[in-house]
Amino acid sequence: MDVIDILQLFGGVGLFLFGMSYMGQSLERLAGNGMERILQTLTTSKKKVVGLLKGFILGLVVTGIIQSSSATTIMLIGFVSAGMMKVNQAIPVVFGANVGSCVTAQLLRLGDLGGGGIILQLLKPSSFAPMLIAVGAFIIVKSKKQKSRDVAGILLGLGVLFTGMTFMEEVFAPLKESPEFRELFTSFSNPFLGIIIGFLLCALIQSSSAFVGILQALSATGSITCGIAIPMLIGQNLGKCITIVLGSIGAPKKAKRVSLAYLLFNIIGSLMLTIILCILYYKVKPDFLDAVMNRGNIANMHMGFNFVTAIILLPFADRLGKLTGKILRDSDEKAEVEEFRYLDNRLLGTPGIALKACSKVIEAMADRILKNYYLCVDLFVEYTEKDFQALMDNEAFIDQAETALSNYCLRINRNLLTPDNRLVMSEILNSISDYERIGDYCVRMAYAIQDMHEKKISFSTAGINELTSIMSATKKTLDMTREAFFEDDEKKASRIEPLYDAIKKMRVVIQEHHIKRLQEGTCTVPAGVTLFDLIQPMERIASHSRNISLHVIKRIRGDQDFDEMHGHAFDPEGEEYQSLQVYYMNKYLDPILQEGD
């Protein structure tokens with residue numbers, strides 16, 4: 001093997017790794033948010049056994065798509081860290097991910113096809129790889145549609161992967177007759193040395209699929225026996241854990257438990273196979289240990305090892321979860337944690353999940369705002385310093401959430417955003433601004449009520465009734481806004497604008513009634529100032545609620561051209577809009593008008 005051969009070998013390994021990575025990224029983009037959403041939600045069932053099997057199959061399928069058990073497990077670490085998935089939900093998925101990582105090796109076994117007719121020759125990677133690259137490259141150059149380019153990326157990645165494998169085989173082929181090369185592999189007669197070599201090489205490459213691919217390429221020399229392949233496969237199963245361990249650094253304990261489960265899976269499986277291997281090697285010494293391996297044998301051995309380990313450990317998934325908790329001293333009991341834990345940096349590369357994490361924080365933000373509005377109503381009825389301080393504490397969280405969400409959204413990888421993602425991000429960025437302003441108006445109301453309490457300002461019975469009515473309408477607006485946003489309910493979102501119009505008219509009527517009472521001497525100027533300081537923020541709260549409803553409608557309809565500044569859920573002059581407006585007028589405005597009469 002000369003310098004040129006070594007360079008070709010490195011080139012082949014590089015092409016193999018690039019092809020595998022490019023193919024996985026294209027598959028992931030093509031799957032969109034669906035794969036991540038399914039991985040997050042479809043891991044439970046009323047029946048425990050069904051839940052375990054669903055999680056296992058899910059991990060197998062997803063990893064088979066993205067061609068990396070490490071990537072799937074890192075994703076799971078992010079989900080658990082963000083509170084979107086429990087540890088016990090994630091563990092069966094981890095087991096399936098280990099089996100799913102064997103798909104690449106099964107594809108590479110096609111290289112064993114030889115002889116036969118033209119059809120078998122065309123099925124060989126060396127034959128169809130150039131065609132895959134040509135077709136994929138042509139589509140990428142000519143097509144402007146992202147889905148077509150993603151499909152082309154899969155073809156191109158697969159073609160490059162097989163080309164890299166062919167390069168490696170061409171380098172290894174002359175070594176078939178080399179006595180020195182055969183001698184090198186006889187040094188692996190000690191199985192523990194083979195385990196160490198497999199561990200170190202896989203840890204260095206950081207890809208079990210790539211390592212197994214190289215081992216399959218080496219099998220073309222005829223020097224890889226069963227006794228050599230088994231220890232190396234054991235070692236690679238341990239070496240691939242390094243990526244997971246590194247990926248869990250800085251994660252919460254619950255997320256670290258996922259990486260520990262991945263590590264324990266491979267340690268337990270490797271330990272079982274090592275014990276069996278030692279018994280065979282040193283006691284039984286069967287002839288099959290000297291049998292020469294081909295790509296298919298290695299692929300089957302790799303998959304069989306992980307599949308058998310998964311089947312054995314799957315019934316004990318819950319116990320393994322509890323073991324990880326004991327080792328890391330973490331309880332499965334629900335603990336109070338800060339809402340910002342959802343904004344995990346590990347999710348930034350998966351926009352669909354990162355945006356889902358944002359919605360968790362927005363939900364907490366909306367709940368605090370709603371609670372603050374209720375506190376304002378309570379303070380109006382009976383002022384207490386305790387409630388006022390609780391309101392200010394909530395406002396501090398709302399301000400922090402607005403800043404954290406804005407910064408987090410801006411760090412999400414824009415290149416991976418699908419059209420749906422872009423609509424969701426637009427909805428989030430616009431809505432958090434409106435929610436933050438609603439929070440500010442709640443604070444303004446609280447200060448007005450505090451001033452009213454300190455100055456012992458009182459209202460007439462009519463004034464109190466009017467304030468109670470507009471407060472009730474504003475509360476209805478906030479309730480419907482929250483439901484529309486978090487339940488994806490376009491119908492409720494469409495009802496907010498007519499209610500906002502009713503609140504605007506209520507504000508005007510209440511002001512007119514106050515001026516009339518002021519002229520009659522039944523109300524005071526200080527009471528009027530406080531009244532205006534209360535009803536004006538309520539109208540603004542309704543206005544920002546209307547804005548949020550339009551952001552929701554734009555995202556649900558998937559209409560990029562929808563005008564959120566001047567648009568409407570439906571025609572304000574239409575029958576449906578007018579009917580809703582009349583309904584809200586009758587419910588909230590008529591009692592005020594009757595009071596004025």
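User: Why is Lys456 called exposed?

Analyst: Its relative accessible area is 71%. Exposed stands for over 50%, buried for under 20%, and partly exposed for what lies in between, with a 1.4 Å probe and protein chains only. Lys456 is at 71%, so it counts as exposed. The model is predicted: local features need pLDDT of at least 70, side-chain atom pairs count only at pLDDT 80 or more, and totals for chains, interfaces and linings use all residues. Residues are numbered from 1 along each chain as its sequence is written, and side-chain values use heavy atoms, with hydrogens and water left out.

User: Where is Lys456 placed, and what is its phi?

Analyst: Lys456 sits in the loop between α20 (419-454) and α21 (461-487). Its phi is positive, about 55°, although the residue is not a glycine. The helix labels come from DSSP runs (H or I, at least four residues; strands are E, at least two), numbered from the N terminus.

User: What does Thr163 touch?

Analyst: Not counting residues up to four places away in sequence, Thr163 touches Leu15, Ala129 and Ile133. Contact means heavy atoms within 4.5 Å.

User: Which class does Met272 fall into?

Analyst: Met272 is partly exposed, at 28%. Its place is in helix α15 (residues 253-284), and it touches Thr309 and Ile312, leaving out residues up to four places away in sequence.

User: Why are the buried residues of α17 said to be on the same side?

Analyst: Helix α17 (residues 317-328) has Ala317, Leu320, Gly321, Thr324 and Gly325 buried. They cover an arc of only 145° around the axis, which puts them on the same side of α17. The arc is that of the directions from the helix axis to the C-beta atoms. On the other side of α17, Arg319, Lys322 and Lys326 are exposed.

User: How many residues does α17 have, and how far does it reach?

Analyst: α17 has 12 residues and reaches 17 Å from its first C-alpha to its last, close to the 16 Å expected. The expected span is 1.5 Å times one less than the number of residues. After α17 comes Arg329, with a positive phi near 55°.

User: What share of the protein chain is buried, and how many helices does the chain have?

Analyst: Of its 597 residues, 52% count as buried. The chain has 24 helices and zero strands.
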